[in-house]
Amino acid sequence: MIIKRMDSKQREIAELEKLLKDKLTPYQKFLVERELKAMRSGVYGERDSAYYIDFYFGNSRNWAVIHDLRLEHKGQVAQIDHLLINRLFDIYVLESKNYSYKLKISPEGEFHAYYGKEYIGIPSPIEQNKRHIHLLDLFLKSHNILPKRIGISIRPRFKNLILVSPKVIITRPPDKKFDTSCVIKADTLRTKIDREVDKWNPLADFVTISKFCSSSTLMETVRRLAAFHKPLRVDYRAKLGLTEQRDKTKG
């Protein structure tokens, strides 16, 4: 069941489009256009992934879905693209990336995306998502959100998955060099999860069985988490330094 959908980015897009109509220097225009392009690309990637998530899990009573969750905890922020949580409190933290055409991962775990005519180094989405998971874990414990068994909060199992467009060509290193199995094409998400479920042996995992909760408990718990969402209102003039730049042109 879908607990929270993606926040609309139309206000932010409209604000950036309005900035382009101002009297900007060539460099200022470049900054705004780059920000606008990145935002549109990000929205497209998240919507693409959300489609596959909702198609398979959106109507299920065994799964709860949160899209676009921003959490603040002790001065730190996690902007989580998608959360997929089942009745065993397996929490799939899904990071959407809208890479163009080609993605290459080195044996050292470095990521390179193909732009124009060459590969460019980019931050590791795996490490980015690890930070999201770390903060989410702290947040859940701090706010006592998860249900209890015998007075003890259930311990969730976090799953780190990176979703890319089905159109992207991924060049991977050998698994023995660096495991990239968490980087998948968005349309294979259901297959990935089904394979994990097939490997699970309930007779050998009594701890996991004890965590099994009702659909109503799952939905109530996830709604509590979603209620902590804090959308960010960005001042793009300040972020891009447009006021400062414009003042310099007057001087």
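Reader: Which residues does E95 touch, leaving aside its neighbours within four places in sequence?
Author: This is a predicted model. In it, E95 is in contact with Q79, D81, Q128, N129, H132, L161, I162 and L163, once neighbours within four places in sequence are left aside.

Reader: And where does E95 lie?
Author: In strand β4, which covers residues 90-97.

Reader: Buried or exposed, that E95?
Author: Buried, because its relative accessible area is 4%, and the cut-off for buried is under 20%. Its side chain also has a polar contact of 3.2 Å with the side chain of K97.

Reader: OK, switching to the cores. Which residues touch the most other members in the largest nonpolar one?
Author: L84, L94, L103, V183 and L189, out of 27 residues in that core. Strand β10 gives the most to it, with 4 residues.

Reader: What's around L84?
Author: Beyond its neighbours within four places in sequence, L84 is in contact with a set that includes I53, F57, W63, L94, L189 and I193. Another core, of 25 residues, lies apart from the largest one, and I66, I85, L146 and I154 are among its members.

Reader: Now the open sheet: what's the strand order?
Author: β7-β6-β5-β11, with mixed pairing. The edge strands are β7 (118-122) and β11 (169-171), and the twist averages 25° from one strand to the next.

Reader: How many bridges join β6 to β7?
Author: 5, and the two strands run antiparallel. Y114 stands opposite Y119 in β7.

Methods
Residues numbered from 1 in each chain as written. Predicted model: local features only at pLDDT ≥ 70, side-chain atom pairs only at ≥ 80, totals over all residues. Heavy atoms only, no water. Pairing = 2+ DSSP bridges. Axes fitted to C-alpha atoms, helices over the stretch in contact; angles between N-to-C directions. Buried < 20%, exposed > 50% of the residue type's maximum accessible area, 1.4 Å probe, protein only. Polar contact = N/O pair within 3.5 Å; in protein donor to acceptor, adjacent residues only side chain to side chain. Contact = heavy atoms within 4.5 Å. Core = buried A, V, L, I, M, F, W, Y, C linked by side-chain atoms within 4.5 Å.
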